[in-house]
Amino acid sequence: MKFLGSKAETIDAGDIYVNWRKIVLHPILDYHVWAHCKWKTIRKEKKLISESQDSLIHDTCLSFFGWCGKYITFILNPFQFQLVTKNHKQLSFQMFSTKLSAKVFSVKMLPTNQELNSEIHTCYKYLQGKSLDILFETMAQNLKHIFESEFFKTRNWDTVQMLTFCTSVIFEVTFTTLHGKLLVADRKKFISELRDDLMKFDDQFPYLASDIPTVLLRRAISLQKKLIKCFTQENLAKMQGWSEVIQMRQDILEKYYEPDDSEIGAHYSAFLWASTANTIPTMFWAMYYLLRHPEAMAAMRDEIDHLLQSTGQKKGSEFFINFTREQLDSLVYLESIILEVLRLCSFSTTFRYVEEDLALPVESGDCRLRKGDLVAIFPPVLHHDPEIFEAPEEFRYDRFVEDGKKKTTFFKRGKKLKHCIMPFGSGISKCPGRFFAVSEVKQLLFALVTYFDLEIIDDKPVEMSYRRMLFGVQYPKSDVLFRYKVKS
Ligand code: HEM
């Protein structure tokens with residue numbers, strides 16, 4: 001088996017970049033990518049690699065992504081990440097993402113239709129600025145509705161599973177904020193079935209993203225089809241009051257597809273997955289850490305009380321969040337808690353497809369890339385770097401606060417980093433829903449802390465499952481019980 005050019009091979013693993021053969025030497029990648037990978041073949045082959053034999057791991061691992069027989073070069077030096085994200089001409093995001101969308105969501109037209117692809121990207125402006133302010137208001141209304149109808153009914157303690165709780169609330173708030181009200185006889189049933197199917201589908205995501213033949217993925221494919229069917233023309237007509245982003249996406253899709261084309265449903269299910277699959281575990285971990293760290297809870301309560309006082313508001317028994325996005329964004333501990341959760345729990349990768357043979361000018365020479373291979377940034381290398389973040393495996397609620405203000409400056413080797421955390425990817429493919437997601441988690445945390453007494457019941461620490469390694473925020477290995485009571 002051949003490897004990259006000789007220069008690429010001689011560069012030290014922990015230093016600047018590695019290819020797959022050497023990646024096993026990196027403590028974080030070694031531990032997370034291989035040790036948690038469920039595939040037995042990979043575990044076995046890891047042994048071969050540590051004994052420095054030429055490996056099958058390139059193929060095996062890359063077939064995990066469906067890029068069988070290709071190399072992935074990881075740029076590990078954060079000062080050189082821009083070599084990957086700034087070179088749009090030779091390093092293409094589209095080639096990678098459209099192929100993934102075709103496999104995972106069955107969106108087949110994207111890889112061949114550049115126009116559709118770029119038109120869809122124009123919709124994302126409706127997830128920012130003034131449009132985001134509108135979404136923020138709608139979100140607050142939807143949250144109010146859920147809390148009043150479900151959690152304000154009793155004044156006694158109620159015990160629930162935390163992940164189940166977060167999944168249910170985040171899914172419903174996101175779905176209704178983006179897609180509007182559902183005009184169906186049993187609205188709750190429709191939403192809970194769609195949510196459960198999406199969660200089962202998410203569980204199958206890594207298999208769909210792989211090169212495993214679809215005949216062996218019957219369960220995953222049937223879930224994929226079931227989701228697509230939820231977004232038939234008939235069902236879409238029952239969703240009223242679409243957000244601007246959904247309306248514009250629909251207008252574009254109508255230009256490219258016949259109204260009854262099932263691929264429209266594939267686009268909808270892809271967007272639904274993107275809008276919920278990472279926010280749910282982010283909310284879980286934020287709640288989990290908050291409840292396990294009384295000092296974090298106290299700091300957050302304190303800054304919320306401050307905001308209530310300074311805006312002349314009182315906590316009444318009626319649920320109401322009367323704040324602007326700007327006001328919530330001014331809560332530095334709330335923001336720091338969310339950033340710390342994303343630093344610890346997000347494990348996504350920024351991939352680019354190498355369009356032509358290329359030499360990246362890294363510090364120690366040229367990093368040679370071969371046409372058709374992949375180059376990647378794996379932000380957890382940055383997130384867990386002890387040189388940047390002291391005790392990187394610890395949750396520190398105030399890590400991103402300094403002198404009462406947001407801390408944005410972090411250093412490595414005495415040099416200031418451009419980005420200290422990258423949970424939303426970077427460059428052209430940076431997550432367009434990042435402001436929406438953070439606003440949503442902020443609103444829900446704010447509401448929980450303001451209106452409820454909360455206690456974690458299970459005391460044992462919960463681990464991450466690493467099942468969605470490279471694809472986003474990790475889910476917990478098991479659920480955890482907590483109880484809540486409306487504040488008297
Ligand atoms: C905490 C929550 C979230 C996290 C951690 C997250 C993270 C990411 C990441 C890492 C990417 C890929 C970036 C890359 O390849 O470089 C991405 C893409 C994307 N995200 Fe998010 N995301 C979150 C929430 C959301 C929400 C709420 C929405 C929609 C409202 C959304 C919509 C999208 C879309 C549409 C893409 C694909 C963009 C493209 O094709 O260029 N995400 N997200």
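Author: We'll go from the chain as a whole to the ligand site, and then to a few single residues.

Author: Ground rules first: this is a predicted model, where local features need pLDDT of at least 70, side-chain atom pairs count only at pLDDT 80 or more, and totals for chains, interfaces and linings use all residues. Residues are numbered from 1 along each chain as its sequence is written, and side-chain values use heavy atoms, with hydrogens and water left out.

Reader: How many helices and strands does the chain have?

Author: Helices (H or I, at least four residues) and strands (E, at least two) are DSSP runs, numbered from the N terminus. Here you get 21 helices and 18 strands.

Reader: And what share of the chain counts as buried?

Author: Buried means under 20% relative accessible area, exposed over 50%, and partly exposed in between (1.4 Å probe, protein chains only). By that rule, 57% of the 488 residues are buried. As for surface, areas come from the Shrake-Rupley method with a 1.4 Å probe, and for residues only the protein chains shown count as cover. The chain's accessible surface is about 21,600 Å², with 52% of that belonging to carbon and sulfur atoms.

Reader: What share of the contacts comes from residues 24 or more positions apart?

Author: A contact means heavy atoms within 4.5 Å. Among contacts with a separation of 6 or more, 75% are between residues 24 or more positions apart.

Reader: Now the ligand. Which residues come nearest?

Author: A residue is near a molecule if one of its heavy atoms lies within 4 Å of it. There are 23 residues around the ligand, and His 121, Ala 274, Thr 282, Ser 429 and Cys 431 come nearest. Helices α15 (262–276), α16 (279–292) and α21 (434–451) each supply at least two residues of that shell, and α15 gives the most, with three.

Reader: How does the shell divide into nonpolar, polar and charged?

Author: The classes first: Ala, Val, Leu, Ile, Met, Phe, Trp, Tyr, Cys and Pro count as nonpolar, Asp, Glu, Lys and Arg as charged, and the others, Gly among them, as polar. The shell has twelve nonpolar residues, eleven polar and no charged.

Reader: Which protein atom is the donor to the iron?

Author: Donors are N, O and S atoms within 2.8 Å of the metal (3.2 Å for Na, K and Ca); water is not among the atoms, so sites may look incomplete. The iron atom of the ligand has a single protein donor, SG of Cys 431, 2.3 Å away. Cys 431 sits in the loop between β15 (415–416) and α21.

Reader: Is Thr 276 buried or exposed?

Author: Thr 276, in helix α15, counts as buried because its relative accessibility is 0%. A polar atom of its side chain lies 2.8 Å from the backbone oxygen of Leu 272. Not counting residues up to four places away in sequence, Thr 276 touches Phe 171, Thr 174, Leu 198 and Pro 281.

Reader: What about Arg 195, buried or exposed?

Author: Arg 195 is buried, since its relative accessible area is 18%. It lies in helix α11 (residues 187–208), and its side chain makes a polar contact of 3.2 Å with that of Asp 196. Leaving aside neighbours within four places in sequence, Arg 195 is in contact with Thr 167, Ser 168 and Phe 171.

Reader: Which residues does Asp 458 contact beyond its sequence neighbours?

Author: Setting aside neighbours within four places, Asp 458 is in contact with Asp 479, Val 480 and Leu 481. Its side chain reaches the backbone nitrogen of Leu 481 at 2.8 Å. Asp 458 counts as partly exposed, because its relative accessibility is 22%.

How values were computed:
A polar contact is a pair of N or O atoms within 3.5 Å; within protein, one must be able to donate a hydrogen and the other to accept it, and residues adjacent in sequence count only if both atoms are side-chain atoms.
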